[in-house]
Structures are given as C-alpha cells and as structure tokens.
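Okay, thanks for coming, everyone. Let me put today's structure up on the screen.

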Amino acid sequence: MPEKITFNKYQLRSPHYHWQQISRNIFTFNAFVFARYQQVIKLIPHKKNQKILDIGCGDGVLLSLINRGRLYGIDLDQSSLNYAATKVKAKFLKAPAELLPFQSGFFDVVIATEIIEHLDQPQKLLAEANRVLKSGGRLILTTPVKTSAGLTDRLHVQEFTSPELLLLCRRYFKRVKINCSHALWLRNIYTGSLGSLGHYHLEIGRWLINSLVLLTGWNPFLNLLGHPVQQLVEAQK
C-alpha cells in the first residue's frame, strides 16, 4: 500500500505564509507564485454579484487579491481558514475538494490553484467543480507541468503533462484551454543559491527578480519563453 501523503506546509511554515509571498519585501515576496495569481485574476470576469469559489483557499490570499463578487473558500486546514477569516470578507468552510458543500449550479467561477496534483482521485475535483458551476460558468485551475524527472514536490500525488490534463478536463467540461508559462531556466535562476551566510541563503537571482517585479510591475515569469513548468486551465461548463 502506498504511503499516505499529508499536506503539512501550513504547519511547517505558518498558517499565513502566502501573505508573506505577496508582501513588498524582496526577501519574502515570491514572483513565481505571484505570476500565477496574476494569471488567475486576469481570467475572472468583472461582474458585481458573481459567486466565486476558491478550492484549497488556504490563508485566503488569492481571494484577497480577487476582491470582487461574493467570495467563498474551502480548505482542510482549519488554522489557515481561521486566519483567512480575519483578513478577507468571504465565507470560509472546512471541506474536501472532492465533496463540495454547495448546491448544484451555485457558482459563476471556481478556482483550484495547485490542488489537483495533491489528490488521489483528481476526477472527483473536476466532477464537483462542474456540478457547483452554473451553465456557462468557468473553472480556473493551475498545476505544475509533469516532467520525466519525477514529481516536482514530495507532497504531490501525481502530476500531468498538458495533453493528459486536457484529456482529463474534457471529460467534464465542453471548452478547455491550457496556457503554459514560467520558463524552467528562469525558475532555476530564481531558486538558485550562491551559498549561505549564517542562517541566510544568498539567493541573488530571486532578490533581483523580486526587485524587478516590485519596482516595475513587469513579471518575467509571465512573458519570457522557455520550457514551461506551470500550466493554467480555463474550462467552461
């Protein structure tokens, strides 16, 4: 029997580590993750009364950036949900992605960023997202691109190539579009280190890219070409 994987990033870091990743501090800001948020927000329509669900909302940072419509979030980590409730005007519930506690046809938009790769049965997430979406509603989903080198994170259960993900999503949604981004060479520069000085890692590439994004608003993870490591799904019911 395969070993059960427990998602414990909130316990290892903090219940609100995503908020640190969008701060204007070059040492804690995360241009890679922020680019993903930018992609998702760009796809959300500007409609006043739309209902938006973030599956795996964690500490609520993405919902705070969306900041429009009627917002809902679910997660399995209660400490992060508690923190989210202090920061964002939204309804938060503890619930699994595979069994959403909402009636059918309730939402205009469902978001699932970096969730599907953690699930044993990813088809259940897609089926539930389809169920709770209104006719014509859209699912916005992000996940890493599967590589031949194996899983990109020890907490992932499985990953998908773009053709695999497209095939899976088309079982539940009539229109599916996948956009690939975040060049591998740039990520390698961003995550590289020149060593350490005491407890501090010398992440010069990360600091320079963070400074570029914070000062200019231009995020190279969205624009520069190269072998992609991230993919974004836009699917319509």
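This is a predicted model: local features need pLDDT of at least 70, side-chain atom pairs count only at pLDDT 80 or more; totals for chains, interfaces and linings use all residues.

Residues are numbered from 1 along each chain as its sequence is written, and side-chain values use heavy atoms, with hydrogens and water left out.

So, the overall picture. The chain has nine helices and nine strands; those are DSSP runs, H or I of at least four residues for helices and E of at least two for strands, numbered from the N terminus. Its radius of gyration is 18 Å, close to the 18 Å the globule rule gives for 237 residues, so the chain is as compact as a globular protein of that length. That radius is taken over C-alpha atoms, and the rule is 2.2 Å times the number of residues to the power 0.38. Of the 237 residues, 47% are buried, meaning under 20% relative accessible area with a 1.4 Å probe, protein chains only.

Now the sheet. Seven strands form an open sheet with mixed pairing, in the order E3-E2-E1-E4-E5-E9-E6. At the edges sit E3 (91–94) and E6, each pairing on one side only; to pair, two strands need at least two DSSP bridges between them. From one strand to the next, the twist averages 15°.

Angles run from 0 to 180 degrees between N-to-C directions, with axes fitted to C-alpha atoms, for helices over the stretch in contact. Then there's H6 (residues 122–132), whose buried residues include Leu 125, Leu 126 and Ala 129. Their cover includes E1 (51–55), E4 (107–113), E5 and H7.

Last stop: Ser 181, in strand E6 (residues 175–183). Is Ser 181 buried or exposed? It counts as buried, because its relative accessibility is 9%. Beyond its neighbours within four places in sequence, Ser 181 is in contact (heavy atoms within 4.5 Å) with Gln 39, Phe 221, Pro 228, Val 229 and Gln 230.

That's my tour, thanks.

Methods:
Buried means under 20% relative accessible area, exposed over 50%, partly exposed in between (1.4 Å probe, protein chains only).
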